[in-house]
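This briefing goes through two protein chains, from overall make-up to single residues. Please keep the sequence and the 3D view open while reading.

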Amino acid sequence: MSAPLASDAGVLARFFDGDVWHSFKHSPMAIVAAVMALICVVCAVFAGWLAPHNPLDLASLELMDARLPPAWDPEGKAKYLLGTDDQGRDILSALMYGARISLLVGLASVALSMVIGVGLGLLAGFVGGRIDGFIMRVCDVMLSFPSILIALLIDGVGRAMFPNAHDALAFTVLILAISLTGWVQYARTVRGSTLVERQKEYVQAARVIGVSPLRIMRRHVLPNVLGPVLVLATIHIATAIITEATLSFLGVGVPPTSPSLGTLIRIGQDFLFSGEWWITIFPGVVLVMIALSVNLLGDWLRDALNPRLR
Amino acid sequence: MLAFILRRLFQALIVMLTVAFIAFMLFQFVGDPVTNLLGQDATAEQRQQLRADLGLDQPFALQFAHFVGNAVQGEFGISLRQGRKVSSLIAERFPATLELAAVAAAIGLLLGIPLGVYAALRRGRFMSQLVMTGSLLGVSLPNFLIGILLILVFAVVLKWLPSFGRGEVVALGPFTTGLLSVDGLRHLLLPALTLSLFPMALVLRLVRSEMLEVLRTDYIKFARARGLPDRSVYFGHALKNTLVPVITIAGLQLGGIIAFAIVTETVFQWPGMGLLFIQAVQFADIPVMAAYLCLIALIFVTINLVVDLLYFAVDPRLRLERSSAGH
């Protein structure tokens, strides 16, 4: 099942010739979403080079420039395109750095849930019996609680366990909290397709020639059940980023020394009443932009990979 | 049917015990309470005495049984941060959350169902397109952003409504409510609206798609052929048959509303259980966290149980199947 891969160039050529690329070219929604997502990702990844100021460098802050409105306002300065916050930080730069943290936490959580979910789903579907029953019961229970609640609880337990956690640990707890709530979907999907694949002849053939179960799972079944997982993962990125933002907004997410989009919104909320709407609205807009574009891409991918819809 | 209920009850019990165990384990992580209470220079006898008083010298299983016994009576000890009994803290905050959740659920259902029916009946018209686009926003915007936007528009720019707190409340025995005073209602409006948007959008989309499905069926055509008025076809025949999935979603969303109340209460500084819990998480206030955990699990388990039982009440087919296949 792991066909020898052609050279990289061959793979690229096949991709541009293939159905998925064709469907992408003919879906204006997907192109717009992809461009939007790409802008966000580039701004986030290259924040260190692209951002006009460094919001984490305390020495460069000037309190005289605090709470400036966006540049198009008569009171704004051209130097700060989207205005500044209460400490004189440039909002645009803070957004870029914040988006980087949001994306990082989101992607790490999705990757971890995928590993946990796919692993447990394969195990449940392939081995069956008691193990299957137990894993599926756990899934049922977790599905009956909203994910934000489970994430909050895991985060709360983590905080109670390590009350004086330093930054790296705080990030680990946060990522664990988000991924331990997200794996259920993967496990259920993978279990379903594994149950189907298990009956097929190539699995029986592999069994007959004495391939070990672990190897059959990894080398033969896994590649055949990954399709739906990719679609799930795309949409899950948006959910994970929003969950992270919500937790950070509640003040139990990323450490305050490395503000994510949610933290920026939290900080900005205090200034709504004194009229400084830009401190909280711009991070909100970016958050919605990222979530929306990723969701649209996920929807498109689901349709593009589903042969029945063509 | 009885066997089904018993099995359900047993599952619910297992879930509750698991949650209670997690809550119990929380206490094991916060370090030795004896040292915290007595300080560093207590004598060995004093320590031993306190250990015995707190029941910490008993075996693990017995301690857990003790914890469950107390939890059933609503006793979770004393809040580390506020120095008050957790049970009275929760009792004080519970009405605020219940009021917010109930009003949000009511808004969600009372607006969601009619709008869903409207969007299905007037499919393709401009207004129903508008409703559908709005519902998409309701599903995809994060809850706290909606709250902030509402505050910005109605409290900061228009200055129509207050944006934090409960305002004036009226006491009804142990219960407090803001529903009976104008000030309380004004305070309730924005948070309840924020909280209701997600379930409203979900119910709306569900009702619409179910209605479209049902309107295609033969018995609707037959009802029309019999010359029944539109209103009785739509609401007497069609809507009734869309209600089974709606009940499921509405029931599960009730749980979601209580969970998301944490976020809404933070945005609007609403003095409910969610705000209490989030402060407990920030300060690692274990007794409050444990109590909230058990209470919310109880609410969820109850809701799931009630939803399962409602199926039987609503869908006669299910009753028939169960009793013919059952024991």
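What percentage of the 310 residues of chain A count as buried? The share is 44%. For chain B, with 327 residues, the buried share is 36%. The model is predicted, and the points below are grouped by topic.

**Chain make-up**

- Chain A has 12 helices and 0 strands.
- Read along the sequence, the pattern of chain A is α-α-α-α-α-α-α-α-α-α-α-α.
- Chain B has 14 helices and 2 strands.
- Along its principal axes, the box filled by the C-alpha atoms of chain B is roughly 90 × 65 × 35 Å.
- In chain A, 69% of the contacts with a separation of 6 or more join residues 24 or more positions apart.
- In chain B, 70% of the contacts with a separation of 6 or more join residues 24 or more positions apart.

**Where chain A meets chain B**

- Contact between the chains involves 34 residues of chain A and 30 residues of chain B.
- On the chain A side, the elements that give two or more residues are α7 (147-161), α10 (213-249), α11 (261-269) and α12 (278-305).
- Of these, α7(A) gives the most, with 10 residues.
- By class, the residues on the chain A side are 24 nonpolar, 8 polar and 2 charged.

**The largest nonpolar core**

- The largest nonpolar core has 164 residues.
- Its largest share, 17 residues, comes from helix α5 (residues 91-127) of chain A.
- The residues with the most contacts inside this core are B:Phe277, B:Met289 and B:Leu293.
- Apart from neighbours within four places in sequence, B:Met289 touches A:Gly156 and A:Ala160 in chain A. In chain B, the contacts of B:Met289 are B:Leu26, B:Phe277, B:Ala280 and B:Val281.

**Helix pair α3(A) and α5(A)**

- Two packed helices are described by the angle between their axes and the distance between the axes.
- The axes of helix α3 (residues 28-45) of chain A and α5(A) come within 7 Å and cross at roughly 105 degrees.
- An angle of 65 to 115 degrees counts as roughly perpendicular, so α3(A) is roughly perpendicular to α5(A).
- From α3(A), the residues making the contact are A:Cys40, A:Val41, A:Cys43, A:Ala44 and A:Val45. From α5(A), they are A:Met96, A:Ala99, A:Arg100 and A:Leu103.
- This contact has 8 nonpolar, no polar and 1 charged residues.

**Helix pair α7(B) and α8(B)**

- Helix α7 (residues 143-157) and helix α8 (residues 182-215) of chain B pack with their axes 9 Å apart, at an angle of about 140 degrees.
- Angles over 145 degrees count as roughly antiparallel, and the pair is therefore oblique instead.
- The crossing of α7(B) past α8(B) is right-handed.
- On the α7(B) side, the contact is made by B:Asn143, B:Ile146, B:Gly147, B:Leu150, B:Ile151 and B:Phe154. On the α8(B) side, it is made by B:Leu190, B:Leu193, B:Thr194, B:Leu197 and B:Phe198.
- By class, the contact between α7(B) and α8(B) has 8 nonpolar, 3 polar and no charged residues.

**Two residues of helix α8 of chain A**

- A:Trp183 lies in helix α8 (residues 167-198) of chain A, and A:Ala177 is found in helix α8 as well.
- Why does A:Trp183 count as buried? The cut-off is 20 or more other C-beta atoms within 10 Å, and A:Trp183 has 23.
- A:Ala177 is buried too, because 26 other C-beta atoms lie within 10 Å.
- Leaving aside neighbours within four places in sequence, A:Trp183 is in contact with A:Ser113, A:Ile116, A:Gly117 and A:Leu120.
- On the same terms, A:Ala177 is in contact with A:Ala151, A:Ile154, A:Asp155 and A:Gly158.
- For A:Trp183 and A:Ile216, 33 residues apart along the chain, the C-alpha separation is 22 Å.

**A loop residue of chain A**

- A:Gly275 is placed in the loop between α11 and α12 of chain A.
- Is A:Gly275 buried or exposed? A:Gly275 counts as exposed, because it has 11 C-beta neighbours inside 10 Å and the cut-off is 12 or fewer.
- The C-alpha atoms of A:Gly275 and A:Ser109 are separated by 36 Å, and the two residues are 166 residues apart along the chain.

Methods: Residues numbered from 1 in each chain as written. Chains lettered and ligands numbered in written order. Predicted model: local features only at pLDDT ≥ 70, side-chain atom pairs only at ≥ 80, totals over all residues. Helix = DSSP H or I, 4+ residues; strand = E, 2+ residues; numbered from the N terminus. Contact = placed C-beta atoms within 7 Å. Nonpolar A, V, L, I, M, F, W, Y, C, P; charged D, E, K, R; others polar. Core = buried A, V, L, I, M, F, W, Y, C linked by C-beta atoms within 7 Å. Axes fitted to C-alpha atoms, helices over the stretch in contact; angles between N-to-C directions. Parallel < 35°, antiparallel > 145°, perpendicular 65-115°, else oblique. Left-handed = near helix turned anticlockwise from the far one by under 90°.
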